[in-house]
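Subject: Structure handover

Hello,

Here is the structure for you to look over. Please open it beside this email.

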Amino acid sequence: MIEGKVIKIAGPLVVASGMREANIKDVVHVGAARLIGEILEMRGDEASIQVYEETAGLKPGDVVVSTGAPLSVELAPGLIGGIFDGIQRSLVAIKDVAGTNLHKGVDVKALDREKKWHFVPVAKVGDKVGPGDVLGTVQETGPVLHKIMVPLGTEGTVASIKEGDFTVVETIAVVKTDKGDVNLPMLQSTPVRNPRPYKQKLMPERPMTTGQRVIDTLFPVAKGGTAAVPGPFGSGKTVVQHALAKWSDVDVVIYIGCGERGNEMTDVLREFPELIDPRTGESLMNRTVLIANTSDMPVAAREASIYTGITIAEYFRDMGYSVAIMADSTSRWAEALREMSGRLEEMPGEEGYPAYLTSRLAQFYERAGRVKCLGADGREGELTAIGAVSPAGGDISEPVAQATLRIVKVFWSLDSALAYKRHFPAINWLSSHSLYADDMGKWLNTNIDENWTKLRGRAMSLLQQEAELEEMVQLVGVDALSAEDRMVLEVSRSIREDYIQQNAFDDNDAYSTFDKQFKMLKLVLSYYDAGIDALKKGAQLDDLINLKARERIARAKAVPQEQVDAAYAEIEREMLAEMASVIGKEED
């Protein structure tokens with residue numbers, strides 16, 4: 001056991017002497033309260049330690065004890081539905097021990113050591129197993145079948161395995177290895193700063209269905225992809241991430257509240273258990289892990305929370321699941337990096353952020369991906385990383401936003417002007433982009449409709465034309481435009497208000513399948529094509545704008561999925577009949 005003495009305290013940074021034998025990244029206990037910390041750097045026999053708890057009351061001479069192990073998370077049944085702090089202490093267990101206020105030095109386990117889980121073996125005695133092979137399963141919640149895998153570093157033959165009810169620390173199997181018998185419980189421990197290994201990284205193939213039309217149609221994200229949601233205060237970053245957590249077609253959601261306001265995290269903790277998962281009909285918490293690290297918690301734990309979350313996400317990915325991690329927000333995480341870097345007296349980079357900001361962000365997002373998992377069964381898992389960015393004043397030219405943009409492949413730019421107009425999701429279609437659009441378009445052309453990419457391209461083109469025409473209108477007025485250009489403005493408004501904008505309080509509009517999205521957009525563009533044709537035949541623009549069918553097109557978003565085909569065909573017939581009537585009137 002390595003012991004040192006505190007010689008300097010600067011907020012969450014503590015310097016201890018006598019630590020020559022310790023290693024960088026080792027977890028230590030500081031002072032009589034045994035505060036948890038992690039060694040950041042070594043200078044001779046002095047260790048610089050970031051402490052994950054409030055350091056008030058520490059004094060020079062207090063004892064520092066190294067555990068000799070890096071910061072790690074516990075992985076076993078009991079994670080799903082759990083609420084943890086930034087270093088994976090159970091907030092429910094802390095409340096039971098310390099009450100409603102978070103006290104220093106509270107030592108609680110991440111996972112319950114008393115609860116028994118029913119283990120069903122998959123492997124048999126005599127089977128050869130290695131890292132990643134599935135020993136058995138535990139039905140953790142209705143949607144999540146927890147697969148108990150052989151941990152890294154263990155390879156051999158199953159000597160014994162049995163079905164029954166076990167706690168996470170009891171032995172469920174014995175594996176005979178070259179170094180002797182190894183007793184395996186369900187509980188594993190994994191360092192958070194090292195990515196979990198896999199066999200092979202694969203190219204993303206399928207889009208992650210979110211049910212949000214502006215995302216799925218215009219700026220899709222791949223399963224196993226990366227995305228950023230930058231925007232100023234009040235533009236709806238948290239709302240977008242809540243919608244993604246609820247509606248995305250993933251098996252497990254990891255939601256990290258990194259440095260967020262306490263009232264926002266309170267809303268999450270209250271609402272998620274009450275939300276009904278549309279895929280299973282059960283509580284959304286039955287496939288969710290929450291990590292709450294609010295802005296008033298120690299800043300060092302904020303830095304660790306991102307790694308805690310993505311390591312848990314990798315664990316479920318390794319089971320062969322599709323996992324989405326929502327980090328809200330990486331700007332607060334970067335602020336924690338900046339504070340600790342300043343206290344370490346490192347050379348600052350732009351705006352005081354450390355010079356390694358970009359590489360740290362890249363290390364986080366690069367842990368996303370679609371992979372072939374370890375194990376003999378050839379399973380594949382997907383980890384999609386979505387990070388919110390909160391630039392001061394909404395200025396995306398600041399370092400965190402710019403570094404993130406260089407790394408992620410999808411950029412959903414939130415616009416406070418749209419949010420103030422109650423246009424949700426408030427994603428600006430002119431400043432957002434997706435580098436997955438072409439590849440995902442090929443999948444959608446094959447699985448939804450062969451004209452998907454063509455239709456999306458036309459919608460994007462019309463929105464771009466609208467922006468250009470709006471600049472002209474401000475100079476010369478709308479009356480100076482041709483009838484065709486005014487038709488572009490009308491149809492673009494329909495795309496914005498009738499297609500892109502969604503009502504979260506309408507059960508039929510809050511979520512749209514790919515099939516409904518395609519047919520809805522096709523209906524809007526059918527109106528445009530028929531309108532341009534009618535104008536060429538002499539119809540008056542005002543008559544085309546005032547068609548009764550336009551109101552039905554605007555309300556098409558509220559049509560239930562099972563009625564889409566019949567309802568949309570009827571709307572199109574009515575629209576074409578009205579246009580024919582308008583053309584006939586002009587000819588007469």
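Below is what was found in it, from the overall form down to single residues.

The model is predicted: local features need pLDDT of at least 70, side-chain atom pairs count only at pLDDT 80 or more, and totals for chains, interfaces and linings use all residues. Residues are numbered from 1 along each chain as its sequence is written, and side-chain values use heavy atoms, with hydrogens and water left out.

**Overall form**

The protein has 16 helices and 26 strands. Both are DSSP runs, numbered from the N terminus: helices are H or I with at least four residues, strands are E with at least two. The C-alpha atoms fill a box of roughly 100 × 55 × 40 Å along the principal axes.

Buried residues make up 55% of the 588. Buried means under 20% relative accessible area, exposed means over 50%, and partly exposed lies in between (1.4 Å probe, protein chains only). The protein exposes about 25,000 Å², and carbon and sulfur atoms supply 49% of that. Areas come from the Shrake-Rupley method with a 1.4 Å probe; for residues, only the protein chains shown count as cover.

Now contacts, meaning heavy atoms within 4.5 Å. Of those with a separation of 6 or more, 69% join residues 24 or more positions apart.

**Buried sites**

Helix α8 spans residues 399-407. Its buried residues are Pro399, Val400, Ala401, Ala403, Thr404 and Ile407.

Thr190 sits in strand β17 (residues 188-191). Thr190 is buried, at 10% relative accessibility. Leaving out residues up to four places away in sequence, Thr190 touches Leu71, Ser72, Val73, Leu75, Arg196 and Thr311.

How many disulfides are there? The count is zero, where a disulfide is a pair of cysteine sulfur atoms within 2.5 Å. Cys258 is buried at 0% relative accessibility. Cys373 is buried at 1%.

**Salt bridges**

The structure holds 34 salt bridges. The rule is a side-chain nitrogen of Lys or Arg within 4 Å of a carboxyl oxygen of Asp or Glu.

- Glu170 and Lys116 pair at 3.6 Å, N to O. Glu170 is in the loop between β14 (164-166) and β15 (171-177), and Lys116 is in the loop between α1 (91-98) and β9 (117-121), so the pair ties together parts that are 54 residues apart in sequence. Glu170 is partly exposed at 31%, and Lys116 is partly exposed at 48%.
- Asp62 and Lys59 pair at 3.2 Å, N to O. Asp62 is buried, with 12% relative accessible area.
- Arg379 and Asp377 pair with their closest N and O atoms 2.7 Å apart. Arg379 is buried at 9%, whereas Asp377 is exposed at 52%.
- Glu38, Arg193, Glu303 and Arg360 are linked in a network of salt bridges.

**Surface sites**

Met472, Leu475 and Val476 form a nonpolar surface patch with about 330 Å² of accessible area together. Patches are made of residues with over 30% relative accessible area and no salt bridge; like charges are joined within 9 Å, nonpolar side chains (Val, Leu, Ile, Met, Phe, Trp, Tyr) within 5 Å. Leu475 belongs to helix α11 (residues 452-476). Leu475 is exposed at 76%.

Asp438 is in helix α10 (residues 437-447). Asp438 is exposed, at 58%. Asp438 and Arg552 are 114 residues apart in sequence and 32 Å apart in space, C-alpha to C-alpha.

Ala32 is in the loop between β3 (26-30) and β4 (35-43). Ala32 is exposed, at 84%. Ala32 and Val63 are 31 residues apart along the chain, with 7.3 Å between their C-alpha atoms.

Best wishes
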